[in-house]
Amino acid sequence: MESSVVEKPESGKAASSFAKSLLLGEIHEEMVFPWPEPDAEEQIKVRELCARARAIGDSIDHRRVEEDRWIGDDRIRELGDAGLCGLYVDEKYGGQGLSQTGYARVFETFAQIDGTLSIILGVHQSIGYKGIVLFGTEEQKERFLPDLATGRKLAGFALTEPEAGSDAYHLRSRAVLQPDGSWVLNGEKRYIGNGSKGDVFTAFARAEVNGEDRHIALILEKGMDGFEVGERYDTMGLRGNDLRRLYFNDVRVPPENVLGEPGDGFRIAMSILNNGRIGLGTGSVGAAKKLLDLTIDHTKERRQFGQSLAEFELVQEKIGWMVTYLFGLESMAYLTCGLVDQGVEDYSLESAICKVSGTEFLWYAANRALQLRGGEGYMRTEPYEKIMRDIRIFPIFEGANDVMRAFIALSAMKPVGERLSGLGEIGLNDPIRSIGVLADYAAGRVKREVRPERISMAHPELSKHADAVGDQVKELTGATEALIRRHKKEVTMRQLAQKRLADAVADVYAQVAVLSRVSSIFENDGVEPSGQERYIADTFCDRAARRVRGNLNALEHNDDERMTAIAKLASKRGAYGYALFED
Ligand SMILES: Cc1cc2nc3c(=O)[nH]c(=O)nc-3n(C[C@H](O)[C@H](O)[C@H](O)COP(=O)(O)OP(=O)(O)OC[C@H]3O[C@@H](n4cnc5c(N)ncnc54)[C@H](O)[C@@H]3O)c2cc1C
């Protein structure tokens, strides 16, 4: 049956992507078992960095930062001196040289402290100068990283434009090659973090390369002629983040400031965002821990109807949900960091899953935490309103979650489409290429070896769940093939089916992460003493398995046609149109 040639990727792993292989019915368990234990020596450094972050964070008046609309240049230098601006940068450029796991752990702490703090540092490190680390030449690294890693300079990431938001592929900014090898850049960006504070920006534009209309990544520096910082946005939350428009009027960018190869700009942008999205996953873990701690304290103390709130079942259900899902999210986010640290080539799906799951879980967790605080939770003297304002953007930026779901589903489906086209049925390449943001990035064959559809490396005590995951993977493959056969190329337009598939893949990945983590806990600490983790794993996996079944079942049985028809009618009417009492 199998028509593809077995290819070994350079990392030496049997597959280039764990999650993409799932839809092919393959569970590459050697990529996710055993659980990636953090490096013990690095943990000492990470603890020290977290302690420094907390000490600085505690000395900041975060409400004042909102009023001042900036954290303060002196604070940036203080964070830099504490080593917090160059976490993953190699020590030879003045950074801390942390792994992805170590970086994520410190970032969790930033997110526990404050949203604005974590966004300023996230824009700087996760996306601002990440491109220089990933794609920069030695000369570029030596020129830029020492100042950036020590907080003497701040970085930004300039992708979004008025006409190119989610559809970032279709940028309007344009760089034109000059006879002397430099590029002249014209265009406009909007919603750019660290806007007027940034000294170095990774910016993206279209450019003609070898006669083809492609993208280019450029390193822009403050003070370049024609590079203007525009007006600041008045934002709902993250009010200390200096969000600006940027204007490029005939900015001459020397060839030594081109990042990677001209023509490779879109791939570079997507690679940076892939990495940045893990930070939103682990950041959500940090912020959710803070909310959970606040909720536990309050519900134990507050008494109503003669007992503490914590004794009511409906309160317990909310807290139990938060603990269980936080455990699942934390497992998934750090498993993904482990994949990056192992050198796995393609973690785009896993990072997108962490971003979507993390940011949505955090939003619902914040809503429940506020609910349990009652009327007091609505007061500005409490932290909830600020947290909710700050985190509301998370499901929108760095890839809106709706678009991310389409990305997860379509790029996971693509290898299945290839297999079916290998059998002479259909090809998914062209439609996937035609949908802008997913375009080039979703292309590229998944390198793979055929693997069994079962998990054998989980602890035997977890075999019930491991077997269930195997069954779900089989069903997922069958459902995906059926979907592609039914809709053929039109499947790229079937977003409701894509959403269900994306959510099912995310839930399978989350179960695998929990099984890997709890297997390692059982092995290290014994099964008996780890009863609480087992309880959580049982609950998480049972619930996730039910959601997978629900989503796969809804691929066949749904009211999608009626729902989309109602929406089309609403568009046509231009308003609700069914009011009982007209104005
Ligand atoms: C506080 C903040 C900070 C930011 N920081 C930066 C930064 O530092 N650098 C940078 O480059 N950008 C940044 N952005 C921009 C951000 O990444 C974009 O706002 C985001 O990508 C969405 O683009 P858009 O706003 O144009 O929304 P649109 O693309 O117009 O989308 C609006 C909504 O439509 C839906 N949608 C869009 N496309 C689809 C689709 N194909 N299928 C289904 N639904 C769809 C989604 O629900 C989406 O949220 C920031 C934005 C904010 C608000």
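Helices (H or I, at least four residues) and strands (E, at least two) are DSSP runs, numbered from the N terminus. The model shown is predicted, so local features need pLDDT of at least 70 and side-chain atom pairs count only at pLDDT 80 or more, while totals for chains, interfaces and linings use all residues. Residues are numbered from 1 along each chain as its sequence is written.

**View 1. The shell around the ligand.** The ligand is surrounded by 22 residues, a residue being near a molecule if its C-beta atom, placed from the backbone, lies within 6 Å of it. The closest are T160, G165, S166, G193 and A400. Strand 1 (155-158), strand 3 (183-192) and helix 13 (401-422) each supply at least two residues of this shell, and the largest share, 3 residues, comes from helix 13. Domain 1 (18-29 + 401-566) and domain 3 (155-262) each give at least three residues to the shell, with domain bounds taken from an automatic or database domain assignment. By type, the shell holds 14 nonpolar, 6 polar and 2 charged residues (Ala, Val, Leu, Ile, Met, Phe, Trp, Tyr, Cys and Pro count as nonpolar, Asp, Glu, Lys and Arg as charged, and the others, Gly among them, as polar).

**View 2. The packing of helix 10 with helix 11.** Helix 10 (residues 313-342) and helix 11 (residues 348-373) pack at an angle of about 155°, and their axes are 10 Å apart; axes are lines fitted to C-alpha atoms, for helices over the stretch in contact, and angles run from 0 to 180 degrees between N-to-C directions. The two helices are therefore roughly antiparallel to each other (angles under 35 degrees count as roughly parallel, over 145 as roughly antiparallel, 65 to 115 as roughly perpendicular and the rest as oblique). Among the residues making the contact are V315, M322 and L329 of helix 10 and I353, F361 and R368 of helix 11, where contact requires C-beta atoms, placed from the backbone, within 7 Å. The residues of this contact divide into 12 nonpolar, 4 polar and 3 charged.

**View 3. The packing of helix 5 with helix 9.** Helix 5 (residues 100-113) meets helix 9 (residues 265-301) at an angle of about 45°, with the axes 7 Å apart, which makes helix 5 oblique to helix 9. The contact includes A104 and F107 in helix 5 and G279 and V285 in helix 9, and its residues comprise 6 nonpolar, 7 polar and 3 charged.

**View 4. The cis peptide bond at P34.** F33 and P34 are joined by a cis peptide bond with omega of about -10°, and P34 is placed in the loop between helix 1 (18-22) and helix 2 (40-58).

Terms used
Two residues are in contact if their C-beta atoms, placed from the backbone, lie within 7 Å.
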